[in-house]
Amino acid sequence: MSPHTTTPTVDLPIHRIAPAIGWVPVRLGEIWEYRELLYFLVWREIKVRYKQTVLGVAWAVMQPFFTMVVFTIFFGKLARMPTDGIPYPVSVYCALLPWQLFAFSLTESSNSVVANQRLLTKVYFPRLIMPIAAVSVGLADSAISFVVLLLIMAYYGIAPGMAALTVPVWALFAVAAAIGVGLWLSALNVRYRDIRYTLPFLTQIWLFVTPVVYPSSMVPAAWRPFYALNPMVGVVDGFRWALVGGPSPQATIGVSALVVLILLTSGLFYFRRTERTFADIV
Amino acid sequence: MHTAIRVEGLGKRYYLRQREPYGTLRDVLVRAATLPGRLARGTARRGGADVLWALRDVGFDIRDGEVVGIVGRNGSGKSTLLKILSRITEPTTGHALVRGRVGSLLEVGTGFHPELSGRENVFVNGAILGMRRREILHHFDEIVAFAGVERFIDTPVKHYSSGMQMRLAFAVAAHLEPEILLVDEVLAVGDAEFQRKCLGKMKDVSLQGRTVLLVSHQMGQIRRLCETVIWLDQGRVRAAGAAAPTIRAYEAGNSDPLDPGVSGPCFRGWELSSGGHVLTDTSTPFTIRVHLDLTTPVSNGHFGLSILDGEDDSVVAGWAWDPLNLPAGSPIFEVRIPQLPLRPGMYRLSLALFDGGNNLTGGRLIEKWTAVQPLGLDVPPVAHPQTEWAGLLNVPARLAVAGSVPVERTWELAGVPDDTAVPQ
């Protein structure tokens, strides 16, 4: 018996470690318990990203801006893409913003588990924190390029209406879609390392089935419900509607929201089911 | 008295595949596409996956406040056990009940980012190890002082020396205050001074009544810190109990060849050429005879010997520089030592044999052995009758103090005339 025990006899929580069988509960409450770790990981990502302030911010501004310029020249001027009466640069930038938030978040969260393998094999924390923390930089970048969007809109004399207050909702919608897909891909990426090489291809295709360079009104009305199975259709429609008005996005949003919900739920369960083997195979 | 950790029937199975544990989606798709063909040929069975039980039916109880060492050879399941208890990986069978918050130090510096300053890394790393922001703030100054990096705390850690990085990382870890602390070999960092500080900190932790599980290959460390030792062997508990006898048993059983599957070369024993294992004169040359069994010939072999003190720290070590070419058989190595001016006491021999080069030229370590039979030095202490703080060497030294303040200190070595003594 050790003579020097001073541990207070409070009732400490007892944790049972045992093999889990089959599907396990998602336990979002545990993420709340680890919120400080999530906070510090997000803080680290953002800090590192903007450590060299000029470059970090410039990157966030330049990427969507030059994409917008190129798209305007080729799709706006040369291909004369219709835009429902909005100046083409505004229309395309309105879509690029949620699109790049989505594409960046998707890529980062899909790579998050493999990227954090050192952490993963040395410390316990709810593994879900990794794909969630990975989207933080995308959100910060988007906030910066949102300012650029407001400047472009001011240049064209477009003032956002009350609907602009819903912008955060659309941003969260985009992030939820990215995390939903990212949960699946990050877990699969642990087992199949070529997932990461398919990502650029996936996002490229996805860009063209999303109404970024064209308005979704170009898609025949009868196809819209199927078209909206791509959750980014609802997000981009909602974003455009919030900032520059135009056709109401109701038709697509319901379907897209449902798809996001399904992706997110199934992704959470799949991730939780496979996470117990992460440390063994990563 | 409460039980802090109860482990019952714990097992962990790994599949050993030919290639990496992860594959590529491409392979899976190719396999799926060619499945009908392979089914037709009857070759569709999965590639043979060998099963390895890293832990098998492990059970033990650890009381609150107990400091337990886990010993065992590489691959005996020590790290797997810590990984399961810290919830990094799941067991395959059995269960463990853990009472209280668990902090694990399986590696220090996890999550350090080179671009961030020392201060920023302390917070991120602390959070990763499971500290609350409040706790980190509370201990911040102590952590920085412990690491001794006050002046550089706002410098990015990429400008730190590797020693400074390690010290800062360990300082964060050392201020973790969970009820149960799992430690894997992290004390093997830094210089001797810093290690001593860490050991002191560990001792504090255990004095505060916290439960500690320590994995280490350094028996000196385990002996100093642990009351109880669990000896793991090939994934099973070989012995568990009071530290001293368990470590002795472990060391005695540790003389098996390194490669368990093959009966390789093996050190059998040693004695002094004058007979016995006790030396009564350390100032004249003597010879140690080491007996060896070689099942296979050794070419360009290298043999090394190290003398360990009571803490298992190496005091003297040397290599036989001429390469050895030996046929299979039972050779005897003779090691001549001109003098061994160590303080009286018990020492141990540690022996190593490399094949095909030495440790620097890519040779293969084929046998390593720490002899159970101690080397006794039975000589009068010449320096000072108090053996506690006189150091390792047994050389005559006299400290002369003149007047009421020390004006001159003279270290006088045996046989050296007074006029060559070095004044300080």
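**Exercise 1. Describe how H3(B) and H4(B) pack.**

The crossing of H3(B) and H4(B) is right-handed (left-handed if the near helix is turned anticlockwise from the far one by less than a right angle, right-handed if clockwise). Helices (H or I, at least four residues) and strands (E, at least two) are DSSP runs, numbered from the N terminus. This is a predicted model, in which local features need pLDDT of at least 70, side-chain atom pairs count only at pLDDT 80 or more, and totals for chains, interfaces and linings use all residues. Residues are numbered from 1 along each chain as its sequence is written, while chains are lettered from A and ligands numbered from 1 in the order in which they are written.

Step 1. The axes of H3(B) and H4(B), residues 133–147, come within 11 Å and cross at roughly 125 degrees. Axes are lines fitted to C-alpha atoms, for helices over the stretch in contact, and angles run from 0 to 180 degrees between N-to-C directions.

Step 2. That angle makes H3(B) oblique to H4(B) (under 35 degrees is roughly parallel, over 145 roughly antiparallel, 65 to 115 roughly perpendicular, the rest oblique).

Step 3. From H3(B), Val122(B), Phe123(B) and Gly126(B) meet Ile136(B), Phe140(B) and Ile143(B) of H4(B). Contact requires C-beta atoms, placed from the backbone, to lie within 7 Å.

Step 4. By class, this contact of H3(B) with H4(B) has five nonpolar, one polar and no charged residues. Ala, Val, Leu, Ile, Met, Phe, Trp, Tyr, Cys and Pro count as nonpolar, Asp, Glu, Lys and Arg as charged, and the others, Gly among them, as polar.

**Exercise 2. Find the angle between H3(B) and H5(B), and the residues that make their contact.**

Step 1. H3(B), residues 118–128, and H5(B), residues 162–174, pack at about 40 degrees, with axes 10 Å apart. That makes H3(B) oblique to H5(B).

Step 2. H3(B) passes H5(B) in a right-handed crossing.

Step 3. H3(B) brings Gly118(B), Val122(B), Asn125(B) and Gly126(B) to the contact, and H5(B) brings Leu168(B), Ala169(B) and Val172(B). Sorted by class, the contact of H3(B) with H5(B) has four nonpolar, three polar and no charged residues.

**Exercise 3. How many residues of chain B are in contact with chain A, and which element of chain B gives the most?**

Step 1. On chain B, 50 residues are in contact with 37 residues of chain A.

Step 2. The elements of chain B giving two or more residues to this side are H1 (25–41), H2 (78–85), S4 (93–99) and H3. S4(B) gives the most, with six residues.

Step 3. The side of chain B that touches chain A has 21 nonpolar, 15 polar and 14 charged residues.

**Exercise 4. Check the length of H7(A) and say which of its residues are buried.**

Step 1. The secondary structure of chain A comes to 13 helices and one strand.

Step 2. H7(A), residues 136–155, has 20 residues and should span 28 Å at 1.5 Å a residue; its end C-alpha atoms are 29 Å apart, which agrees. The expected span is 1.5 Å times one less than the number of residues.

Step 3. Buried residues in H7(A) are Ser136(A), Val137(A), Gly138(A), Asp141(A), Ser142(A), Ser145(A), Leu149(A) and Met153(A). A residue is buried if 20 or more other C-beta atoms lie within 10 Å of its own, exposed if 12 or fewer, and partly exposed in between.

Step 4. Val147(A) lies in H7(A). Val147(A) is exposed, with 10 other C-beta atoms within 10 Å.

Technical notes:
Two residues are in contact if their C-beta atoms, placed from the backbone, lie within 7 Å.
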